[in-house]
Amino acid sequence: MGNELGVDPLEILLTSHGRRSIETIALYDKSKANWDYVSHAEGLIPIEHGADAVEIPGARSLLASLEHASAPRAIVTSGTRALVTGWLDVMHLSRPKHLVVAEDVSAGKPAPDCYKRAISDLGLTAGKAQMNVLVLEDSPAGVLAGKAAGCQVIGLATTHTIEQLESSGADWIVRDLRSVVFVGFNADGKIQLEIRNALEH
């Protein structure tokens, strides 16, 4: 994509993680900042680079335990539907009932729109989000979005520094998802998670 835009791909990567591609592309070529172009370009990524995918340690185990317990959850991503469903297929992961993608909201992260949409899809009210919704995020823009939606946020130090996640307002910071373990449900029917080895911040 960087070559098509005439921009060094490394320059794009410095600011694009956790943000919608349509907004990043608009900085360089507004004529390509449309969903047809973005969805096509992103849909090719899992197809052409699926062999390069690296799982976040602990992610598959956590997802499996949540699925087994039928725990309510959602994927909230800055990627297009073509990108996220492509990756789920490549990684042989099931598609969740609730999926909020880039095209579903008018403003991308760090705006809270995507998480507010997920909260509504889960049948919750925004006023109770802080006690009922836990967000897992790996980018400062995502952490800001989760906090702005009233949620508690675990920051994953997989792509950004502890300092960046801390300054964005993460409530906890962990190295990866081996530190987040599904315990079960409490007496009120709420999911219980254990956070192990949280990083100091």
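In this predicted model, E137 and K109 form a side-chain salt bridge, with N and O 2.6 Å apart. The pair joins distant parts of the chain, 28 residues apart: E137 belongs to strand β3 (residues 134-137), while K109 sits in the loop between β2 (98-100) and α7 (113-121). E137 has 4% relative accessibility and therefore counts as buried. K109 counts as buried too, because its relative accessibility is 6%, and the cut-off for buried is under 20%.

**Other salt bridges**

- Side chains of opposite charge can pair when their charged atoms come close.
- The count for the protein comes to ten salt bridges, including the one between E137 and K109.
- R20 and E23 meet through their side chains in a salt bridge, at 2.7 Å from N to O.
- R20 has a relative accessibility of 5%, so this residue counts as buried.
- E23 is partly exposed, because its relative accessibility is 26% and that class lies between the buried limit of 20% and the exposed limit of 50%.
- R178 and D176 form a salt bridge in which the closest N and O atoms are 2.6 Å apart.
- R178 counts as exposed, because its relative accessibility is 57% and the cut-off for exposed is over 50%.
- D176, the partner of R178, has 5% relative accessibility and so counts as buried.

**Charge**

**Fold and dimensions**

- Ten helices and seven strands make up the secondary-structure elements of the protein, among them strands β2 and β3 and helix α7.
- The radius of gyration is 17 Å, which agrees with the value near 17 Å for a compact globule of 201 residues.
- The C-alpha trace spans about 55 × 35 × 30 Å along the principal axes of the protein.

**Burial, contacts and surface**

- Buried residues account for 40% of the 201 in the protein.
- For contacts between residues at least 6 apart in sequence, 49% connect residues at least 24 apart.
- The protein has an accessible surface of about 11000 Å².
- Carbon and sulfur atoms contribute 53% of that surface.

Methods
Residues are numbered from 1 along each chain as its sequence is written. This is a predicted model: local features need pLDDT of at least 70, side-chain atom pairs count only at pLDDT 80 or more; totals for chains, interfaces and linings use all residues. Side-chain values use heavy atoms; hydrogens and water are left out. Helices (H or I, at least four residues) and strands (E, at least two) are DSSP runs, numbered from the N terminus. The radius of gyration is taken over C-alpha atoms; the globule rule is 2.2 Å times the number of residues to the power 0.38. Buried means under 20% relative accessible area, exposed over 50%, partly exposed in between (1.4 Å probe, protein chains only). Contact means heavy atoms within 4.5 Å. Accessible areas come from the Shrake-Rupley method with a 1.4 Å probe; for residues, only the protein chains shown count as cover. A salt bridge is a side-chain nitrogen of Lys or Arg within 4 Å of a carboxyl oxygen of Asp or Glu.
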